[in-house]
Amino acid sequence: MKTGSKPKTRLSDIGREIWKKRAAYAMITPYMIIFLAFTALPVVVSMVLSLTQYDVLQAPVFVGLRNYTNLFVNDEVFAIAIRNTIIFALITGVVGYSLSFFVAWAINELGKGMRAVLTFVFYAPTISGTVYTIWSIIFSGDMYGYANSLLLRLNLISSPIDWFTTDAYILPMIIIVQLWMSMGAGFLTLRAGMSSVDTQLYEAGAIDGVKNRMQELWYITIPQMAPHMMTAAVLQITAMFGNTQVSIHLAGFPSTNYAGHLMMTHMMDYSNFRLERGYACAIAVLMFLFMVGINQLVLKFLRKVGG
Amino acid sequence: MAKQMAVSTPLTENPPKVKFRRSSRIRRAKGNRKRYGDVIVFVFLALIGAFSALPLIMSVGMSLKPLNELFYYPPTILPSHPTLDNFTMLFSLMKTTWVPFERYAFNTLFITLTTTFGHIILASLAAYPLAKVKFIGRKTINTMITFSLMFVASVNDIANYLTISWLGWLDTYLAAIIPSMGASLGLFIMINYMRTIPDSLIEAARIDGCSELTTYWRIIMPMSKPAYLTVLILMFQQLWNQNNAAYVYQENLKTLPYALSQITTGGLIRQGAAQAVGVLMLLVPATVFIINQTKIIDTMATSGIKE
């Protein structure tokens, strides 16, 4: 394309090229309109609104970067939300991804029937909709909760623990439940990637001196699976941040002393209840940058592993 | 031919043309598999499997418990006298709702089916050119799609609310249907799957005088069946649990998860009924998943991020 095309004819070349592929453009148009209107454009709209004061009833008023300075300087709850989100993301991200990866790998060592059954067992918590509410019974604050009754009978505690209203336990509880729900589409991608590695490579590896399954995993499977590992990471990170219902349902909204407060619930608080939507948009923009940043970082890392 | 397609998987930039047979057991070189390794894999899977399955079993057990067994100490996992009381209570409570219960069920079914169907048509129509036709702007769009997987859709909620109210879609089915049709995971999966279809087939169709639309309908769609089935299932799971109460105020347009969450917020005595709801809502998507598991895994095997 670049070489040989003279500056004079280039524009008409592009026009001709587009006309030639008009069918392709027509085919992508309906989807792209919806995609742009409800996924791409809102990002820009949020950025603009984040520079305004907007309470839904009156038109937005431009306030510059005031929302951002307020967030970082005056909003103590936001500081808690950032702290909680970082802890939450770090633990659920690393542990959840490792779990998905090693479970997918271990399942792949089994026969066909067992593989199908176990894939469902690990995947089921993600499709469960509201079944996660069972955790409020497992860790209920009275002695009828499974956790408390077990600990009481083992004499490890003398009185029931209020798991979801004691500051120190709220975040760990949310993390545990989130880990339980972490084997979703990302896990399926890893599981699929594992089973699609060419078996001849394993045979060749065995001949070339791969001694055990850890070596096989490191030298053959992981390099072959880099694209799947990247997709899985993206899907898992996004799912992790999107899941606010666990925190809201189990720890309450807002949770005791904001111990289970995340950036996402902070945004919902300001957009749905306080109706300070300009401020909420500033949080949304920060969330957006935070998520994309983490994803890019992880992809960069995984590309190194794969390459 | 179609069968071979489903298992051929490009993994890296220049994929070695690799095919393996899914149906046969994975052939492994026995030499590098040691007994104690088997034990470690087994114990690991058993532990994580228990963590995954136990809450689900508790939930089912809870939904089958008669009222008095809810307060046994120590609490039991499975009921000693299983009963369907919770389910019958749920059904009788359903009769007391503000609008007929069938209406909520219809709304959920209607929204789920139209959105899923619409998304598959629009996204597959766009996926074919994005995977197989070279046109100006294709790379940019593909990057945008991958990028959009990196953030949670709910950061766009505030901006989308404005768009939806501006379009006059508040309080209509459209508010739940149209934005979800532009979801990007489905498109991403289909693009990646369609990339594995050999170019020679499309070339042959072109020589025979097929238009892009005919090629899409006659060649691409029949060969992409596992891909759109996977998208169908993932969409179905997500929409089935969707609560549209943010955009809809009329009671008779609201969905099943909303109605059920209202029924089950009735305190301790409804604990069993709440779990019955969870189990009922899980049944449909779980069945759909189990039936289509192999197709999903085959499809996800193609959805790596390739850059």
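This is a predicted model: local features need pLDDT of at least 70, side-chain atom pairs count only at pLDDT 80 or more; totals for chains, interfaces and linings use all residues.

**Around a core residue**

Trainee: Before we go on, what should I know about the numbering and the model?
Mentor: Residues are numbered from 1 along each chain as its sequence is written, while chains are lettered from A and ligands numbered from 1 in the order in which they are written.

Trainee: In the largest nonpolar core, which residues touch the most other members?
Mentor: A nonpolar core is a set of buried Ala, Val, Leu, Ile, Met, Phe, Trp, Tyr and Cys residues joined through C-beta atoms within 7 Å. This one has 157 residues, and those touching the most other members are A:Tyr31, A:Ile174, A:Ile283, B:Ala126 and B:Met190.

Trainee: And which helix of chain A gives the most to this core?
Mentor: Helices are DSSP runs of H or I, at least four residues, numbered from the N terminus. With 13 residues, the top contributor in chain A is helix H14 (residues 277-306).

Trainee: Why does A:Asp269 count as partly exposed?
Mentor: A residue is buried with 20 or more other C-beta atoms within 10 Å of its own, exposed with 12 or fewer, and partly exposed in between; the C-beta atoms are placed from the backbone. A:Asp269 sits in helix H13 (residues 263-273) of chain A. A:Asp269 counts as partly exposed because its C-beta neighbours inside 10 Å number 19.

Trainee: Which helix gives the largest share of the side of chain A that touches chain B?
Mentor: The contact takes 94 residues from chain A and 89 residues from chain B. The largest share of the chain A side, 19 residues, comes from helix H2 (residues 22-49) of chain A.

Trainee: Which helix of chain B has the lowest mean pLDDT?
Mentor: Chain B averages a pLDDT of 82, and 88% of the residues score at least 70. Among its elements, helix H5 (residues 138-148) has the highest mean, 93, and the lowest, 38, belongs to helix H1 (residues 2-7) of chain B.

Terms used. Helices (H or I, at least four residues) and strands (E, at least two) are DSSP runs, numbered from the N terminus. Two residues are in contact if their C-beta atoms, placed from the backbone, lie within 7 Å. pLDDT is the predictor's confidence in each residue, from 0 to 100.
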